[in-house]
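I am keeping these notes while I look through one structure.

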Amino acid sequence: ATAYGPILAEREVAAPTGQPQRLANVSVRVTDSRGTAQLARLLYTGAGWSDITFLVPANSAVGPARVAVVRSDGSSSTAPVILADVAPGFLTASSDARGAVAGEVVQRRADNGETKRFVTAECGSGGCRTVPIPLSGGVITTVRLAGSGIRNAGPNAAIRVTVGGIAVPVLSFGVADTDDMGRDQVTIQLPLELRGAGETDLVMTVGSVLSNVVRINCGVL
């Protein structure tokens, strides 16, 4: 999960391997619906008005909960949240969970198997933007999208992804990493009918639960 607001850390820090429970003089305490309080493992913290990314403890009870960002001097900032077994969300190139979706494109030519790989977004001094994905006949285009909150959906889950309002094939979903960083993946295939759609919305539902709306670029208009 990523929380936004007046983060109490003294500096911006990305966690080393192992995801510590304290980073840059702050910790995150998750109190679940049973009243059980646990410290979360931290991945990143900004300073000032920024964000902090943490792993929700896996054995937390679902339902209403509270998350507290606690500074080493005892000061804290607390907010209510809802914990759920399934809470689908896409990661984005920027840290606000909006805009260009984070992922990898794989294009394979049907005639000779030649493969091309590139990312769905790139960032520079002017911010982050979507990377155009050219679609053409004879080329199979799949996109492995980075996300979270999907792994517990179950093998028979009703997962639907739309790009520009068009439902696209979902090839796989589940855990993305082997180091327990809480990241999941969803792999989709882009049909030829999206060619020239340009930058458009991408959204997913898992059962009746809606993800955040992100952006992907299917070629240029």
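I note here that the model is a predicted one.

R98 has a salt-bridge partner, D96. The closest N and O atoms of R98 and D96 are 3.9 Å apart. The cut-off for a salt bridge is within 4 Å, so the pair R98 and D96 counts.

I reminded myself of the general point: side chains of opposite charge can pair when their charged atoms come close.

Next I looked up R129. The side chain of R129 forms a salt bridge with that of E122, at 2.3 Å from N to O. Which class does each residue fall into, by relative accessibility? R129 is partly exposed at 45%, and E122 is partly exposed at 36%.

I went on to D184, which makes a salt bridge with R151. Their closest N and O atoms lie 2.8 Å apart. Where do D184 and R151 lie? D184 is in strand β18 (residues 184-189), while R151 is in the loop between β14 (139-148) and β15 (159-163). The two parts are 33 residues apart in sequence, so the pair ties them together.

I also compared the two residues with the cut-off for burial. D184 has a relative accessible area of 1%, and buried means under 20%, so D184 is buried. R151, at 29%, counts as partly exposed.

E199, D201 and R215 are the residues linked in it. How many salt bridges does the count come to? I wrote down ten.

I turned to a sheet. It is an open sheet of four strands, in the order β4-β3-β7-β8, and the pairing is antiparallel. Which strands are at the edges? They are β4 (37-39) and β8 (76-83), and each of them pairs on one side only. From one strand to the next, the twist averages 25°.

Strand β7 (residues 63-71) runs antiparallel to β8, and eight bridges join them. I looked for the position of G63 and found that G63 stands opposite L83 in β8.

Conventions
Residues are numbered from 1 along each chain as its sequence is written. This is a predicted model: local features need pLDDT of at least 70, side-chain atom pairs count only at pLDDT 80 or more; totals for chains, interfaces and linings use all residues. Side-chain values use heavy atoms; hydrogens and water are left out. Buried means under 20% relative accessible area, exposed over 50%, partly exposed in between (1.4 Å probe, protein chains only). Two strands pair if DSSP finds at least two bridges between them. Axes are lines fitted to C-alpha atoms, for helices over the stretch in contact, and angles run from 0 to 180 degrees between N-to-C directions.
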